[in-house]
Amino acid sequence: MTVELAITGGRIVDQGQSRDADLLISDGVIIGVTEPGSTPSDAGNVIDAAGQLVIPGMIDTHVHTREPGWTHKEDITTCSQAAAAGGVTTIFGMPNLRPPTATVETLREVLDLYDAKSVVDYNHNPAASNPDQIAGMAELGIAAYKIYMVVDTGREYPHPAGTGMHDHGHLLEMFETIAPTGLPFMVHPHDQGIMDLIEQRYWAAGDRSPEAYAKTLAAYDGLIWDTAIGVLLRIAEATGCPLHIVHAQTSRSIEMIRQAKNRGQQVSAEANHWTLFLGSWDDVTTLGPYALSYWVPDHHKEATWEALIDGTIDMANSDHAPHTREEKDVGWTDMWAAHTGTPGIQYQLPLLVDSVGTGRMSIERMVEVTSNAPARIFGLGQKGCFAPGTDADVVLVDPDLEWTITDDDVLSKIGWTPYAGRTLRGKVLRTLIRGEDVYRDGTVVGAPGFGKQARPMTRPESDAR
């Protein structure tokens, strides 16, 4: 087969191994990984990656594009442009839109928007709130379903009606309905009743500060999270439905996930950039609403890192959640009125590369949690690695380049990042999807509409242990 593109001289990292090799590409797919210098002389195009890491594109299965309905914050094009700059080649959108993606019809409309507007490859996780919609959604090629065990108090966003569910009977019904599809049920854990009680005590005292909000969500050492995850694990076990837990962030819930895996339960979990790199008490007091949703106490942050490294937590997703400065600034005086969540898709991979440089994790494990595991767990056999026949989604990284994050470089529509001013070692230089450049030399070169839906090729499998 003719080699249309060769990436030579780099250090290829994939599936637990790291070696100097050349990567060969034709017709948008990987055709081989060969010894350095063995690229055919008649290769159509050659990229010199000397001194660079050559890794599979990141698959970010937890992304808030804000379109339709909230495009003053972000839209599919700006979100996917930020993704390309951050080495993310596939995104899964979330259903908390206007209207919420809760029916086959709204799902089809959203997928059409991606098809017209996304720079990177994509899928979308619809809200699993209507049993009669589940089978039809699966037929549209989704890779997972999503629901929030939370209902916002005092605001209509970021968890609008139709996406929240905290009645355990309703949850059981949805787990039962999803199980036959074989697709994972992605759930945002939360105990609404406990939060209602605790937050109302702060309100009665007249305290609606960022610190009060942070303490509410972290009360009793993570009780809101731990009780919810306990319920989810038990329902998932009873129904045989694959469960994917978002926002793993407490030591007790991580231990419950570890035990469930040891029992052979089909469960996976993710950590997000704000757990790993933000969310300290210092962040809460200095950045306030710009660092919140959540405060992650140090012992929980350490437990999350350990679980990400040892495999209890399977993957790192951004939970990219952009909001305008105006929507954040109100939180200085009333955090319950602010829109919560933080942007992260452009900087999560560079932050992880920096963590490799500091010795926090190995480069092989980083590739596992950003590429290999998401593809495997969500059934994307055509993505996430350099096996022959897989899509040539490739990211070139200079592991030694030091640079400083600034708001001026933010491609998200909101124009700010909580990481402004941080200096990192390791920078994404080039991003290719299906062998074509979408980001190169500091510029997004991929066109809106280039992205294609990444449909599951196989029944997704969680890393049950």
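**Entry 1: getting started.** I am working with a predicted model, so I keep that in mind throughout.

**Entry 2: Thr65.** I looked up Thr65 and found it in the loop between strand 6 (58–63) and helix 1 (76–85). Is Thr65 buried or exposed? Its relative accessible area is 1%, so I noted it as buried, the cut-off being under 20%. Leaving aside residues up to four places away in sequence, I listed what Thr65 touches: Glu74, Asp75, Ile76, Cys79, Ile91 and Tyr114.

**Entry 3: ring pairs.** I then searched the whole structure for aromatic pairs and got eleven. One of them joins Tyr114 and Tyr122, and I wrote it down as stacked, with 5.0 Å centre to centre and 10 degrees between the planes.

Next I checked Phe277 and Trp305, which pair edge-to-face at 5.7 Å centre to centre, with 85 degrees between the planes. What does this pair tie together? Phe277 belongs to helix 9 (residues 273–277) and Trp305 to helix 11 (residues 298–310), so the pair links parts 28 residues apart in sequence. I found Phe277 buried, with 12% relative accessible area, and Trp305 buried at 3%.

**Entry 4: a cluster and two arginines.** I saw that ring pairs join Trp203, Tyr213 and Trp336 into a cluster. Over the face of Trp203 lies Arg208, 4.6 Å from the ring centre. Elsewhere on my list, the charged end of Arg98 sits over the ring of Trp70, at 4.2 Å from its centre.

Conventions: Residues are numbered from 1 along each chain as its sequence is written. This is a predicted model: local features need pLDDT of at least 70, side-chain atom pairs count only at pLDDT 80 or more; totals for chains, interfaces and linings use all residues. Side-chain values use heavy atoms; hydrogens and water are left out. Helices (H or I, at least four residues) and strands (E, at least two) are DSSP runs, numbered from the N terminus. Buried means under 20% relative accessible area, exposed over 50%, partly exposed in between (1.4 Å probe, protein chains only). Contact means heavy atoms within 4.5 Å. Rings of Phe, Tyr and Trp (its six-membered ring) pair if their centres lie within 6.5 Å; planes under 30 degrees apart count as stacked, over 60 as edge-to-face and the rest as tilted. A charge sits over a ring if NZ of Lys or CZ of Arg is within 6 Å of the ring centre and within 35 degrees of the ring normal.
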